Amino acid sequence: MHVVDAITNAREPLLSLEITPPPKGTSIDELYRTMDALMPFKPAFINVTYHQPQVVYEEKNNVIYRVPKRKKPGTVGICASIANRYSVETVPHFICGGFSKFETEDALIDLHYLGITNILALRGDPAAGNTQFIPERDGHRYASELVNQISRMNRGIYMEELEDAHPTNFCIGVAGYPEKHFESPNAEKDIQHLKHKVEQGAHYIITQMFFDFQYYKDFVERAREAGISVPIIPGVKPLSNLDQLASIPRNFHVTIPHHIVEAMEQARTSEEIRKAGIRKIADLCQKLIDYKVPGLHIYTMGRGTATRDLLKILYG
Ligand code: FAD
């Protein structure tokens, strides 16, 4: 089922989980163990992130070789295997980085053949080791261009002219940033670019993680004023240790409010810190549920124990 249809049919905010493929060379069993613990909460869909390879240069016999190293491959395989094992809708993340438009088309055809009909379309982070996003030759620079390509395929328009081409049937999600995207000069410009993604055919928005209900509320209001009417699903990340108070703002360009930092820093043991962090995020989720959000998208990184504890508080 398409994510937007599931939202329309649901009486309560839909639960979705975002997972990351395991590092190359490790077994998928750990991921299954994580999913086994989370599936009783009946997520409506599972997002699987996509990671661009880091390109390194290695010297062998006086020759320099360009070696792309992907630490976490397997996005599409994991989507297919989870959909099959748990009978749940999966949403592969699909990025501009590392793909020409021709490779993008082929990858979309693979998804179409696999029966995967939901996609989260993203530009992607700069490749590891780069400070700036560099598009591939013949690749897309912005997520809006990728959305445009997927929408065209949904109308049966491929890169080459094909007679009576079969249209794909993708429901397209895109990313939104309550605290604005870090490269954007201001929030207004960022909303204009978000609106452009929707005009190109995006059906819904999932937000970057945020830790203050007011950021989400203001963002939704700004989006609605700009004429964006698609569902905006809030993205939430459970906090469970003090290291995250520095690493999350650094990596995701978001702010953690003082009352959360204080509650976690005042706790004395690691178990108390964990409980304080998860309790604060549960409070945030409850405010979002009361605000009648279309869904709750939980960033489940790693083993998923913090997500499980958060969901236990919310859903028992
Ligand atoms: P875009 O929408 O293209 O925006 C990128 C920047 O360009 C913004 O500052 C925007 O304002 C600006 N911009 C857009 N259009 C224009 C224009 N026409 N002219 C000038 N400026 C413009 N990254 C991954 O690598 N893999 C993942 O799996 C992944 N999953 C994510 C899931 C979610 C829910 C979110 C919120 C983010 C995810 N990311 C992921 C991170 C994302 O790829 C980065 O935040 C990236 O830097 C921007 O992606 P985007 O799709 O928002 O880009």
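**Ligand shell, helix packing and selected residues**

Strand 5 (89-95), strand 6, helix 6 (187-199) and strand 8 (204-209) each contribute at least two residues to the shell around the ligand. Helices (H or I, at least four residues) and strands (E, at least two) are DSSP runs, numbered from the N terminus. The structure is a predicted model, in which local features need pLDDT of at least 70 and side-chain atom pairs count only at pLDDT 80 or more, while totals for chains, interfaces and linings use all residues. Residues are numbered from 1 along each chain as its sequence is written, and side-chain values use heavy atoms, with hydrogens and water left out.

The ligand is surrounded by 22 residues, of which Tyr 50, Tyr 177, His 181, Asp 190 and Lys 197 are the closest; a residue is near a molecule or strand if one of its heavy atoms lies within 4 Å of it. Helix 6 gives the most to this shell, with 3 residues. By class, the shell comprises 10 nonpolar, 7 polar and 5 charged residues. In this scheme Ala, Val, Leu, Ile, Met, Phe, Trp, Tyr, Cys and Pro count as nonpolar, Asp, Glu, Lys and Arg as charged, and the others, Gly among them, as polar.

A polar side-chain atom of His 181 lies 2.7 Å from a ligand oxygen atom. An N or O atom in the side chain of His 93 is 2.9 Å from an oxygen atom of the ligand, and a polar backbone atom of Ala 143 is 2.9 Å from an oxygen atom of the ligand. Taken alone the ligand exposes 980 Å², and the protein buries 86% of that. Accessible areas come from the Shrake-Rupley method with a 1.4 Å probe; for residues, only the protein chains shown count as cover.

His 140 lies in the loop between strand 6 (118-122) and helix 5 (143-154). His 140 counts as buried because its relative accessibility is 5%; buried means under 20% relative accessible area, exposed over 50%, and partly exposed in between (1.4 Å probe, protein chains only). The side chain of His 140 makes a polar contact with the side chain of Gln 149 at 2.7 Å. A polar contact is a pair of N or O atoms within 3.5 Å; within protein, one must be able to donate a hydrogen and the other to accept it, and residues adjacent in sequence count only if both atoms are side-chain atoms. Not counting residues up to four places away in sequence, His 140 touches Cys 96, Phe 99, Lys 101, Phe 133, Pro 135, Glu 145, Leu 146 and Gln 149, where contact means heavy atoms within 4.5 Å.

Ser 144 is placed in helix 5 and, at 10% relative accessibility, counts as buried. Beyond its neighbours within four places in sequence, Ser 144 is in contact with His 196, Lys 197 and Gln 200. Phe 219, in helix 7, is buried, with a relative accessible area of 2%. Leaving aside neighbours within four places in sequence, the contacts of Phe 219 are Gly 176, Tyr 177, Pro 178, Ile 191, Leu 194, Thr 207 and Ile 232.

Helix 10 (residues 270-290) has 21 residues and should span 30 Å at 1.5 Å a residue; its end C-alpha atoms are 30 Å apart, which agrees. The expected span of a helix is 1.5 Å times one less than its number of residues. The buried residues of helix 10 include Ile 273, Arg 274, Ile 281 and Leu 288. These buried residues pack against helix 7 (213-225), strand 9 (232-236), helix 9 (258-266), strand 10 (295-299) and helix 11 (305-315). Just after helix 10, Lys 292 takes a positive phi of about 65°.

In helix 11, the buried residues are Ala 306, Thr 307, Asp 309, Leu 310, Leu 311 and Leu 314. Their cover includes strand 1 (14-19), helix 2 (29-38), helix 10 and strand 10. Gly 316, which follows helix 11, has a positive phi near 80°.

Most residues other than glycine have a negative phi. Asn 61, not a glycine, has a positive phi of about 50°, and the phi of Asn 62 is also positive, near 65°. Asn 61 counts as exposed at 72% relative accessibility, and Asn 62 is exposed with a relative accessible area of 72%.
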